[in-house]
Amino acid sequence: MSVFLYGVALQWKLDIRSKSLLVTCYIVPFIFFLLMGGIFTSVMPEMRNTLIQSMIVMSVSMGSFVGLPPSLIETYGSDIKKVYKANGVPVYLGLVTMFLSAFVHLMITCGVIVLLAPVLFQAALPAQLPVFFFVLAIYIIVSLSIGSILGLIIKNQAKLTMIAQLIFLPSIMLSGIMFPADLLPDFLEMTGRVFPAAWGYRLMLNNGFCLENLWYLILVFFAAVIICGILLKKQK
């Protein structure tokens with residue numbers, strides 16, 4: 001347990017110094033929040049009721065699909081994994097520590113958004129904050145599990161960037177955070193439901209915590225765990 005905690009603390013320190021994580025988990029989400037929060041609430045004042053959820057979906061998607069995978073490539077696509085083997089460190093430790101570190105960073109970002117949105121844009125706070133943060137944790141975990149698959153299965157940085165954008169952009173455009181999803185053509189609305197962002201957004205809305213909005217995220221998470229386990233076995 002002490003080795004595991006040391007690994008988590010070490011990864012936290014490395015991530016703090018990472019320019020990539022700083023950009024994807026903090027700088028870009030906060031810039032998007034400050035710019036688009038003002039635009040959304042000016043053009044559509046009713047978006048104050050869902051602004052926090054919308055900004056969080058963007059932040060989590062950015063950190064999970066664009067921020068986490070490159071860190072995994074640096075470890076599992078290089079000689080670092082050989083160091084793990086040589087020292088008897090379980091091959092999964094790198095994934096677990098990076099996953100937990102990214103989770104904490106995204107929770108911090110989302111917490112800041114929850115605090116600032118009512119002050120800056122008169123956004124409505126979620127009705128039940130404990131429930132909100134619980135479902136937020138579920139959404140972050142599911143999103144990071146998909147990012148973990150990307151980081152383990154893709155070895156080329158350029159290819160990873162392209163594929164990550166193919167997941168990130170539809171997650172933002174088709175999830176309903178920019179405009180109601182029911183305004184989209186049926187095909188695009190159904191396509192949007194493939195991505196966890198649409199389900200996470202619905203789950204975080206007031207009275208959205210129900211099995212109808214949760215079952216798909218649970219299914220995706222367990223599928224991702226199985227796939228990550230298979231990919232990690234291939235690393236041995």
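Why does Glu-189 count as buried? Its relative accessibility is 17%, and buried means under 20% relative accessible area, with exposed set at over 50% and partly exposed in between (1.4 Å probe, protein chains only). The model here is predicted, so local features need pLDDT of at least 70 and side-chain atom pairs count only at pLDDT 80 or more, while totals for chains, interfaces and linings use all residues. Residues are numbered from 1 along each chain as its sequence is written, and side-chain values use heavy atoms, leaving out hydrogens and water.

Back to Glu-189: its side chain meets that of Arg-193 in a salt bridge, at 3.3 Å from N to O. For the term to apply, a side-chain nitrogen of Lys or Arg has to be within 4 Å of a carboxyl oxygen of Asp or Glu. The structure holds one salt bridge. Arg-193 counts as partly exposed, at 35% relative accessibility.

Next come the rings. The structure holds eight aromatic pairs. Rings of Phe, Tyr and Trp (its six-membered ring) pair if their centres lie within 6.5 Å; planes under 30 degrees apart count as stacked, over 60 as edge-to-face and the rest as tilted. One of the pairs joins Phe-134 and Phe-209, and with centres 5.8 Å apart and planes at 70 degrees, it is edge-to-face. This pair links distant parts of the chain, 75 residues apart: Phe-134 belongs to helix 6 (residues 129–153), and Phe-209 to the loop between helix 9 (196–204) and helix 10 (211–235). Helices (H or I, at least four residues) and strands (E, at least two) are DSSP runs, numbered from the N terminus. Phe-134 is partly exposed, at 46% relative accessible area, and Phe-209 is partly exposed too, at 40%.

Trp-199 and Tyr-216 make a stacked pair, 5.1 Å centre to centre with 25 degrees between the planes. Here, too, distant parts of the chain are linked: Trp-199 sits in helix 9 and Tyr-216 in helix 10, 17 residues apart. Trp-199 is buried, at 8%, and so is Tyr-216, at 17%. Ring pairs also bring in Trp-215, giving a cluster of Trp-199, Trp-215 and Tyr-216.

Finally, a look at the backbone. Asn-207 isn't a glycine, yet its phi is positive, at about 65 degrees. Asn-207 lies in the loop between helix 9 and helix 10 and is exposed, at 80% relative accessible area.
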